[in-house]
Amino acid sequence: MDLTIKVPLKSFVKLFREMKVLEYKYFVKHSIQVAKLTMKIAEKLDLPYDRDNAYLLGLFHDLGLILKASIENYDLFADMFRRVPDLERVVTTLDRQDQHSAISYMIARQSKPLCPVCARAILYHHTPFQKIKEDDDLILLSSSIKTADLISLAALKQEETNKELDAEFFTHVISSIKKDAGIPDDVKKAAVDVLLDVIANSIISDDDLCFDSDQKLDITDFKQLARIIATLLDFRSPYTRNHTFVCMKIAEILSGETLGDADVTLISTAALLHDIGKIKTPLSILHKRGRLDAEEFVIMKRHVVDTYYMLERADLRVFSIIGAAHHERLDGSGYPLGLRDEQLLYHQKIIQICDVFSALVEERPYRSALSIEEALGVIEKEVAHGKLDAGIFERLKAIARNYDLKELISFKHVFEELFQEDVDEVSQMISLEAEKI
């Protein structure tokens, strides 16, 4: 008998698919296509990597593109990701030196379901196999991702022209694979076999995840996957790049003073997912400099409902209940349900205060970031009006006295949480890995 909380790995994949909206519509679609195709090609090759590993490699292969593009050229990132299905053009425009492969690898190597060794295959998904200095199996695996990437990119270009994935498309793609000198013959044959399989080739256009893993993760391991989801969410807007991670870290410290390790991990992971529904909020509303009108405010408030249903559809109820209550208030004035103090869990009350604090110390389109002291003053008024928990607020004030919160709320902290490494060391490692490719 096991009484610990376990999270299905499939829930992460389901939640990743939920991100397939607005700016991430084509990115997520491409990532899932590459994941499915990589898994199928690797199976044909009978490589010594399980299906879950092959799938996740494909899913993670372009994560670094989001970080690099959003930081270095946000306006172009937001524009191209929203309207350009041709992700090859996005890469050549926003990452001509192919640094995103190294960044993607650095993220993937920290994700427990993946073995750190096979995660290296992501490094080379744009590299001709002759230039890869790894063992034969890893070369075949990285070439499988490369080939899956080629197929998916061709499918997205076809979609851009509103053409069907017909026999002519498959003939063209198979020809492209056979002509590519950077793909080993074994991988070419396996990929062609997949494309000629009437069942297997349907996975390109099929919305089925094709991920039937029964693997379950400890909540600590799932937390790293939640960090990936939070990064995709936060990097969508320059006004939220710190928000989720600051909320998570404050929740972690607050709960650590009164609760056990299991509860701390539960609350901090819920904090990472509490705003996931905001992925569906248009940037025109998130970035509006003036006051939102009534209709816009309804759309903004809807993000908590979307958070709840996205997590529910991913079978993550333990997090949906905690995360979707972050705008409820003890006096019943919050939303979406108007719950009161006695109806709210302690875990929910912690995230409510953490969410408010994190939002206040961030810049917004309509105001500058507040200082830590100013933010505490605003929250104190909310506590006085019976909206937020007084006991939790007292501990937050103590944290402000005992921790360097300026360091904690810095952008540097986001990277250290995501990569689980010192940011300077991460930067050096990315540069070294990028040189190899």
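**Largest pocket.** I began with the lining of the largest pocket, where helix 18 gives the most, with 4 residues. Helices here are DSSP runs of H or I with at least four residues, numbered from the N terminus. A pocket is an open set of points on a 1 Å grid over the protein atoms alone, with protein on both sides within 12 Å along at least five of seven lines, and lining residues have an atom within 4 Å of a point. I kept in mind that this is a predicted model, where local features need pLDDT of at least 70 and side-chain atom pairs pLDDT 80 or more, while totals for chains, interfaces and linings use all residues. Residues are numbered from 1 along each chain as its sequence is written, and side-chain values use heavy atoms, leaving out hydrogens and water.

I then looked up the space in this largest pocket and found about 880 Å³, a volume being the space filled by probe spheres set on the points, which are joined across faces, edges and corners. Its lining has 30 residues, with Phe-297, Met-300, His-327, Tyr-335 and Tyr-366 nearest the centre.

**His-274.** Next I went to the loop between helix 13 (261-273) and helix 14 (283-286), where His-274 sits. Is His-274 buried or exposed? His-274 is buried, because its relative accessible area is 0%; buried means under 20%, exposed over 50% and partly exposed in between, with a 1.4 Å probe and protein chains only. I listed what His-274 touches beyond four places in sequence, and found His-243 and Cys-247 among them; contact means heavy atoms within 4.5 Å.

**Cysteines.** I followed Cys-247 and saw that it is buried too, at 0% relative accessible area. How many disulfides are there? The count is 0, a disulfide being a pair of cysteine sulfur atoms within 2.5 Å. For Cys-247, the nearest cysteine sulfur belongs to Cys-354, 5.1 Å away. Cys-210 has its closest cysteine sulfur in Cys-118, and at 20 Å that is too far for a bond.

**Cavities.** Last, I counted 3 cavities of 30 Å³ or more; a cavity is a set of grid points where a 1.4 Å probe fits but cannot get out. The largest cavity holds about 90 Å³, and helix 2 (residues 25-45) supplies the largest share of its lining, 4 residues. The second largest cavity has about 50 Å³. I was pleased to meet His-243 again, as one of the residues lining this second largest cavity.

Note on methods
Helix = DSSP H or I, 4+ residues; strand = E, 2+ residues; numbered from the N terminus.
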